[in-house]
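Subject: Structure handover and findings

Hi,

My notes follow below it.

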Amino acid sequence: MYLKSMDNANSNLWKQLTRFLLSVLILLTSLTVVSCTSSVPQELTAKERLWKDQGVRDYDFTLVRQAFAPEDWRGPVNIQVRNGTAVSVTYVSSGVAVTEGKFDNADTIDDLFTILKNAYTGNGEFEQFGKKADTINVTYNTQMGYPTDFYIDVSQTIADEEQGYTITNLVVQSTIK
């Protein structure tokens with residue numbers, strides 16, 4: 001009788017310990033998910049949602065990249081996007097097509113949102129620095145939500161890794177609704 005009572009007590013203790021550990025695991029997982037997603041500001045998420053809700057798939061815009069890079073990597077360039085994909089990237093000064101994918105990471109508004117999210121989280125091209133950016137300044141178009149100007153300084157202690165983008169002359173060609 002005594003041994004049976006001890007088995008029940010041990011069984012109950014194990015059940016309680018298992019429940020406790022499971023609760024702790026769930027709490028830690030939740031905190032990890034919240035801390036990972038909370039590094040992207042709500043404003044960026046809201047502006048990206050505003051952009052996507054409009055269903056813009058065909059549009060043209062001008063892009064200038066500010067970076068420690070040769071002029072042909074900075075632009076300005078005119079970009080035509082059709083069905084969400086860049087179909088033409090040409091230099092404003094000459095009308096010549098851009099070669100070698102120099103603007104592939106920034107040739108759609110969705111790509112520009114991705115650059116910003118990666119800067120806030122330390123993902124994508126920012127993984128090489130092993131951290132999120134120290135400084136991010138963004139201005140958004142109030143009506144459509146897309147970024148019109150942003151500056152990223154990955155590290156205030158590293159020179160020449162800063163980058164900025166200016167988006168002008170955005171013209172919507174068609175929307176999907």
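Helices and strands here are DSSP runs, numbered from the N terminus. That numbering is how Met-144 gets its place: the loop between β4 and β5. One caution before the rest: the model is predicted.

**Overall**

The protein has three helices and six strands. Starting at the N terminus, the order is α-α-β-β-β-α-β-β-β. There are 177 residues, and 33% of them count as buried. The accessible surface is about 10900 Å², with 56% of that on carbon and sulfur atoms. Take the contacts between residues at least 6 apart in sequence: 54% of them join residues at least 24 apart.

**The sheet**

The six strands make an open sheet, ordered β3-β2-β1-β6-β5-β4, with antiparallel pairing. The edges are β3 (85-91) and β4 (135-140); each has a single partner strand, so one side of each has no neighbour in the sheet. From one strand to the next, the twist averages 20 degrees.

Strands β1 (residues 56-67) and β6 (residues 163-175) run antiparallel and are joined by ten bridges. Across that pair, Leu-63 stands opposite Ile-167 in β6.

**Helices on the sheet**

Helix α2 (residues 42-53) packs on the sheet and touches β1, β4 and β6. Its direction makes about 35 degrees with that of β4.

Helix α3 (residues 109-121) lies across β1, β4, β5 (147-153) and β6. It runs at about 30 degrees to β5.

The buried residues of α3 are Ile-109, Leu-112, Phe-113, Ile-115, Leu-116, Asn-118, Ala-119 and Tyr-120. An α-helix has 3.6 residues a turn, so residues three or four places apart point the same way. The buried residues of α3 pack against α2, β1, β4, β5 and β6. Just after α3, Gly-122 takes a positive phi of about 80 degrees.

**Aromatic cluster**

How many aromatic pairs does the structure hold? Four. One of them is Trp-51 with Tyr-59, at 5.3 Å centre to centre and 90 degrees between the planes, which is edge-to-face. Trp-51 counts as buried, at 2% relative accessibility. Tyr-59 is buried as well, with a relative accessible area of 2%.

Tyr-59 also pairs with Phe-61. Their ring centres are 5.9 Å apart and their planes are at 25 degrees, so this pair is stacked. The cut-off for stacked is under 30 degrees. Both Tyr-59 and Phe-61 are buried. Trp-51, Tyr-59, Phe-61 and Tyr-146 form one aromatic cluster.

**Met-144**

Back to the loop between β4 and β5, where Met-144 is found. Is Met-144 buried or exposed? Buried, at 16% relative accessibility; the cut-off is under 20%. Met-144 and Leu-50 are 94 residues apart in sequence, yet 6.3 Å apart in space, C-alpha to C-alpha. Leaving out residues up to four places away in sequence, Met-144 touches Lys-47, Leu-50, Trp-51, Gln-54, Val-56, Leu-170 and Val-172.

Thr-90 is in strand β3. It counts as buried, at 18% relative accessibility. With residues up to four places away in sequence left out, Thr-90 touches Pro-76, Val-77, Asn-78, Gly-95, Val-96, Ala-97 and Val-98.

Pro-76 lies in the loop between β1 and β2 (77-82). The peptide bond joining Gly-75 and Pro-76 is cis, with omega about 10 degrees.

- Asn-83 is in the loop between β2 and β3. Its phi is near 55 degrees. Asn-83 is exposed, with a relative accessible area of 53%.
- Glu-100 is in the loop between β3 and α3. Its phi is near 65 degrees. Glu-100 is exposed, with a relative accessible area of 68%.

Best wishes

How values were computed: Residues are numbered from 1 along each chain as its sequence is written. This is a predicted model: local features need pLDDT of at least 70, side-chain atom pairs count only at pLDDT 80 or more; totals for chains, interfaces and linings use all residues. Side-chain values use heavy atoms; hydrogens and water are left out. Rings of Phe, Tyr and Trp (its six-membered ring) pair if their centres lie within 6.5 Å; planes under 30 degrees apart count as stacked, over 60 as edge-to-face and the rest as tilted. Buried means under 20% relative accessible area, exposed over 50%, partly exposed in between (1.4 Å probe, protein chains only). Two strands pair if DSSP finds at least two bridges between them. Helices (H or I, at least four residues) and strands (E, at least two) are DSSP runs, numbered from the N terminus. Axes are lines fitted to C-alpha atoms, for helices over the stretch in contact, and angles run from 0 to 180 degrees between N-to-C directions. Contact means heavy atoms within 4.5 Å. Accessible areas come from the Shrake-Rupley method with a 1.4 Å probe; for residues, only the protein chains shown count as cover.
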